[in-house]
Amino acid sequence: MIRIHFTAADLGRVTFPDEPRPLWEAALAARALGDRAIPPVARRWRREAGRRVRPSMRPLFKLIAPAGQFPDFLTPEVPAPGLEPAVDALMNTPGDVVRDELGPWLPPDVDTFLQGLLAGRAGSRRALGNAVRAFHTEVLAPSSTELERRYGADLALRSRALLHGGLDALLTSLHPDIEWSTPVLTTYGLNAAPAQDGVNAGRTPDGVNAGRTLEIHLDGRGLLLYPSSLTSECLALDAPDRRPVLVYPCADLPAEDLPDTDALADLLGRTRATVLRALTHSATTTQLARRTGISLPSTSDHTRILRNAGLITTHRTQGTALHSLTPTALRLLSSPQTRIALRGS
């Protein structure tokens, strides 16, 4: 069980990342490759992703414990979006942080890579950074569109809950095993266990710590909520001087019977339909190009046409264009003939 205690200040500091974060995705995906208790969509993802794992990625997997925990420094706060700033932040983790989080939990006969990481050697840091890059490029990239679509669809559900019912409705609807009773958010039935210093809370092996409770007092730091389709249980990060994070399972998208043809693609064209569906969660032009895998000029052209058709709106601030669906587009995407991209795959 995890119990998260809010103050009045924390209620105004509940946020979501605007898109999946590279290091969180790497840690959760590496964890899912060795975890039996993952949702069906993650099991289908694993059948394909597991074939793409290479020996060069081993340094990443060495930081994922058999029980699923991983050190906090693997998911640092990163000031800029994208993979490279995230990898740079990871490689520049202070040596004392690595030693504090890893040292007490490692046996004395660890391999050369972990010895080097504990000693702050540049070679081990480079090996970890290269492993994360390779994992993203070869394992995550082929499925990134589907994972981001599910992430965006979950955030769209949370946005609607907040719009129609406020923060209470949002926190109450996160997951069937998460209960909100002001001022405490409690997870049940997800095998959550207390975190050791520097280790994310997660499932423990063979029932160790079963029945114990992790108490997180936000004390004005707020809470970052992170939906993931690669876990069936909640994970919590509560480190000093950081905003706490609660990872929860993405909403299970409907998998109803649908027509064999894609009516939306027939109407708009396949690429434009992909762009529209990628906006189930608002995005900048750069984020949208990354989600859909098309060039920035092409993305700008498609958003212009969709905007002229009344399907998206664009708000510009400080040189950045943020695109969002209009109510017309939401109705179009939720109609039975066009929900193919919103189904469970």
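Predicted model: local features only at pLDDT ≥ 70, side-chain atom pairs only at ≥ 80, totals over all residues.
The chain has 345 residues, and buried residues make up 50% of them. Its secondary structure comes to 14 helices and 11 strands. Of the contacts between residues at least 6 apart in sequence, 64% join residues at least 24 apart. The accessible surface of the chain is about 16,100 Å², and carbon and sulfur atoms account for 53% of that area. The structure holds 0 disulfides.

The largest pocket has a volume of about 670 Å³. Its lining consists of 27 residues, and those nearest the centre of the pocket are Glu19, Pro20, Arg21, Pro22 and Gly82. Helix 2, helix 5, helix 8, helix 9 and helix 12 (285–292) each give two or more residues to this lining. The largest share, 4 residues, comes from helix 2. By residue class, the lining of the largest pocket divides into 15 nonpolar, 6 polar and 6 charged residues.

Two of the residues nearest the pocket centre, Glu19 and Gly82, were considered in more detail. Glu19 is found in the loop between strand 2 (14–15) and helix 2 (22–33). With a relative accessible area of 8%, Glu19 falls under the 20% limit and so counts as buried. When residues up to four places away in sequence are left out, Glu19 touches Pro81, Tyr151, Gln287, Arg290 and Arg291. Gly82 belongs to the loop between helix 4 (58–61) and helix 5. The relative accessibility of Gly82 is 23%, so this residue counts as partly exposed. Gly82 and Leu23 are separated by 59 residues in sequence, and their C-alpha atoms lie 9.7 Å apart in space.

Rolling a probe the size of a water molecule over the atoms shows where empty space is left. The structure holds 2 cavities of 30 Å³ or more. The largest cavity has a volume of about 60 Å³. Its lining is formed by Pro20, Glu25, Leu147, Tyr151, Pro227, Ser228, Ser229, Leu230 and Cys250. The lining of the largest cavity comprises 6 nonpolar, 2 polar and 1 charged residues. Pro20 lines the largest cavity and is among the residues nearest the centre of the largest pocket. Tyr151 lines the largest cavity and is one of the residues touched by Glu19.

Phe73, Leu90, Met91, Thr93, Val98, Leu117, Arg125 and Leu128 form its lining. Helix 5 (83–91) and helix 8 (122–140) are the elements that give two or more residues to this lining. Helix 5 and helix 8 are also among the elements that give two or more residues to the lining of the largest pocket. The residues around the second largest cavity divide into 6 nonpolar, 1 polar and 1 charged.

A cis peptide bond joins Thr182 and Pro183, with omega at about 5 degrees. Pro183 is placed in the loop between strand 3 (178–181) and strand 4 (184–187). Asp219, although not a glycine, has a positive phi of about 50 degrees. This residue lies in the loop between strand 5 (214–217) and strand 6. Asp219 counts as exposed because its relative accessibility is 62%, over the 50% limit. Asp241 likewise is not a glycine and has a positive phi, here of about 65 degrees. The loop between strand 7 (235–237) and strand 8 (245–249) contains Asp241. With a relative accessibility of 78%, Asp241 also counts as exposed.

Definitions and conventions. Residues numbered from 1 in each chain as written. Heavy atoms only, no water. 1 Å grid on protein atoms, 1.4 Å probe; cavity = no way out; pocket = protein on both sides within 12 Å on 5 of 7 lines; lining within 4 Å. Points joined across faces, edges and corners; volume = space filled by probe spheres on them. Nonpolar A, V, L, I, M, F, W, Y, C, P; charged D, E, K, R; others polar. Buried < 20%, exposed > 50% of the residue type's maximum accessible area, 1.4 Å probe, protein only. Disulfide = S-S within 2.5 Å. Contact = heavy atoms within 4.5 Å. Areas by Shrake-Rupley, 256 points an atom, 1.4 Å probe, with all protein chains shown as cover.
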